[in-house]
Amino acid sequence: MASAQVLGGSKTVDLDDTAFGARFNGPLVHESVRAELNARRRGTAATKTRGKVRGGGAKPWRQKGTGRARQGSIRAPHFAGGGVVFGPTPRHYTFKVNRKERRAALRSVLTVHAERETLAVLDPSVFDEPSTRQAAGLLADWAGGARSVLVVLAEEQARIALSFRNLPRVSVLPATGVGIADLVGAARLLVTEEALYQLTARAKGESAGADTDATDSGEAA
């Protein structure tokens with residue numbers, strides 16, 4: 001059974017074999033990450049065709065006798081201020097990944113963090129009050145020069161985020177909102193025991209009291 005270190009002591013926490021002992025499925029993780037990142041795209045880029053550009057109703061000059069090429073409208077694409085040919089239009093980039101596939105991808109990523117020993121458990125009792133200095137010292141001993149650290153908290157532990165949110169290369173997310181892309185992009189993963197329980201429940205498809213399938217049930221916002 002895999003285990004994770006509790007920062008600030010020699011204690012360890014046992015990890016669930018189902019959630020943290022799965023076989024890595026690279027294509028499934030890639031598909032889930034692509035779906036999440038696509039769902040975050042706004043898809044609002046738009047241009048006007050010549051039919052939507054205001055003006056240009058009359059010919060700019062007569063058909064013959066001017067020595068210039070014949071033109072029907074100054075809103076044609078080759079005129080400045082004219083319409084755009086084959087420009088972008090509003091669209092959505094989302095595509096569906098089945099719930100079982102998302103859970104399997106989550107188990108794969110959690111297993112990689114457990115195998116690489118880049119997962120640690122945070123004892124929230126050490127933060128009686130917000131302290132960025134204390135959080136920085138805690139991460140310096142464990143993460144060292146890690147390029148990115150993801151801190152995952154339970155909803156009721158939002159106060160702890162005040163200690164980590166201003167640190168460089170550190171992201172803080174609730175356990176119900178963390179996605180596969182967030183876990184893949186993190187070099188180190190720091191979770192509280194409550195958040196670990198919620199992530200384990202999500203990976204196994206179980207209920208953890210709160211709405212733990214908020215991210216698991218659809219695309220990311």
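**View 1. The crossing of helices α2 and α3 is left-handed in this predicted model.** Helix α2 covers residues 26–39 and helix α3 covers residues 99–115, and the two pack at an angle of about 110°, with their axes 9 Å apart. Because angles of 65 to 115 degrees count as roughly perpendicular, α2 is described as roughly perpendicular to α3.

**View 2. Residues of α2 meet residues of α3.** From α2 come L28, V29 and S32, and these meet E101, R102, A104, A105, S108 and V109 in α3.

**View 3. The largest pocket has a volume of about 200 Å³.** Its lining is made up of F24, V29, V109, V112, H113, R116, T118, R147, L183, V184, A186 and A187. The elements that give two or more residues to this lining are α3 and α6, the latter spanning 180–184, and α3 gives the most, with three residues. Eight residues of the lining are nonpolar, while two are polar and two are charged.

**View 4. The second largest pocket holds about 150 Å³ of space.** Around this pocket lie the lining residues A136, L139, A140, A143, G144, A146, V149, L167, P168, R169 and V170. Helix α4, which runs through residues 132–142, gives the most to the lining of the second largest pocket, with three residues.

Key:
Residues numbered from 1 in each chain as written. Predicted model: local features only at pLDDT ≥ 70, side-chain atom pairs only at ≥ 80, totals over all residues. Heavy atoms only, no water. Axes fitted to C-alpha atoms, helices over the stretch in contact; angles between N-to-C directions. Helix = DSSP H or I, 4+ residues; strand = E, 2+ residues; numbered from the N terminus. Parallel < 35°, antiparallel > 145°, perpendicular 65-115°, else oblique. Left-handed = near helix turned anticlockwise from the far one by under 90°. Contact = heavy atoms within 4.5 Å. 1 Å grid on protein atoms, 1.4 Å probe; cavity = no way out; pocket = protein on both sides within 12 Å on 5 of 7 lines; lining within 4 Å. Points joined across faces, edges and corners; volume = space filled by probe spheres on them. Nonpolar A, V, L, I, M, F, W, Y, C, P; charged D, E, K, R; others polar.
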